[in-house]
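Me: I would like to go through this predicted model with you, asking at each step what a given term rests on.

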Amino acid sequence: MTDEMKFELLAYADGELSASARRNVEARLATDVGARALLAELQMTRQTLGSNEPAQPLPESREFYWSKIEREINRLESAGERRAPSPILQWWRRLILPAAGLAVLALTLSVNVLPGVGRGGSGVEASFPGAEALTYRDQAQGVTLVWLSYPGEDEARDYEAAPPDGDWL
Amino acid sequence: MRLPTFRIRVLSALALVFGCGLAAAVAAEELKLEATLVWGTNEAQSPDPKHKPVCAEVEKKLNTLPLRWQHYFEVKRQKFAVPDAGTQKVNMSKDCQIVVKNLGKGGVEMNVIGKGESVGRIKQRLPKGEVLVTGGNAANFTGWFIVLQQAE
């Protein structure tokens, strides 16, 4: 049996032949045992495949099934989108950001711009006309010493036994 | 998540605003101060029976300073209050006064007056626990000090 004859038998089994070609194949089948055997095998195979294909029945209607998918997609998209703020939140946002900037500015100025006064107790500003002032700071103890000395007071005390100007006790 | 981030920003801004408000409120308060006139000497006993050793806290602070005296006696202690932006004059001895101005935000300006004349001015931030010591030489190799701090 040629391959062309086998294709014709396959087309016959599938019902794809014209009326004249079907009659020719049937005439051949009446005389050819091999052709009948091949046709029987093709028909059995076709029947087996068709009857054993797994069915996938839907528990609900097709429209309802796809509408569920569509609703789920819409829900996920809306959850991912940024929620539009309420008018109160928008008002707060407009107010808070400039207020925060002003607050930071005010805090910075209040800490740093006090004239002559530094942060954390440092930054002594001393003015002693006629005297020499030495400043010593112990940061750990939080002590600032401003020591006044008058020019020549040590010599005066040592050699003349005269009290310095700072003697107010 | 943008909304929680925005909430954090809002809360931070509110904290700043309230913090500044609190700082302003504190700054507007009067300062309660304590000024002590101290005599420093190496003598264990003061010849003046009115003198008493300085309190342990002040002694500890003075001992951390590079001074040559071992003993410190309290001559006079004055507690006083200075209103915000106000000035207070305090007599520490017959010849010594201090004029303290409240600069706000814990800052003070102390004008030391000796024998009727201004000896000098010191500006200093004086939060609680901070001590400002002004001193100089006194007779017989002793020393005088004005210890200024916030009152307890």
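Me: Which residues touch the most other members of the largest nonpolar core?

Reply: That core has 24 residues, and those touching the most other members are B:Leu33, B:Phe80, B:Ile98, B:Val100, B:Met110, B:Ile146 and B:Leu148. Two or more residues each come from strand 3 of chain A and, in chain B, from strand 1, strand 3, strand 5 (96-104), strand 6 (107-114), strand 7 (117-125), strand 8 and strand 9. The largest share, four residues, belongs to strand 1 of chain B.

Me: What makes a residue such as B:Met110 a neighbour of others?

Reply: Contact requires heavy atoms within 4.5 Å, and B:Met110 touches, leaving aside residues up to four places away in sequence, a set including B:Ile98, B:Val100, B:Ile122, B:Ile146 and B:Leu148.

Me: Why do strand 2 of chain A and strand 2 of chain B stand at the edges?

Reply: The open sheet has seven strands with mixed pairing, in the order 2(A)-3(A)-8(B)-9(B)-1(B)-3(B)-2(B). Strand 2 (132-138) of chain A and strand 2 (52-53) of chain B each have a single partner strand, so one side of each lacks a neighbour in the sheet.

Key: Residues numbered from 1 in each chain as written. Chains lettered and ligands numbered in written order. Predicted model: local features only at pLDDT ≥ 70, side-chain atom pairs only at ≥ 80, totals over all residues. Heavy atoms only, no water. Pairing = 2+ DSSP bridges. Core = buried A, V, L, I, M, F, W, Y, C linked by side-chain atoms within 4.5 Å. Buried < 20%, exposed > 50% of the residue type's maximum accessible area, 1.4 Å probe, protein only.
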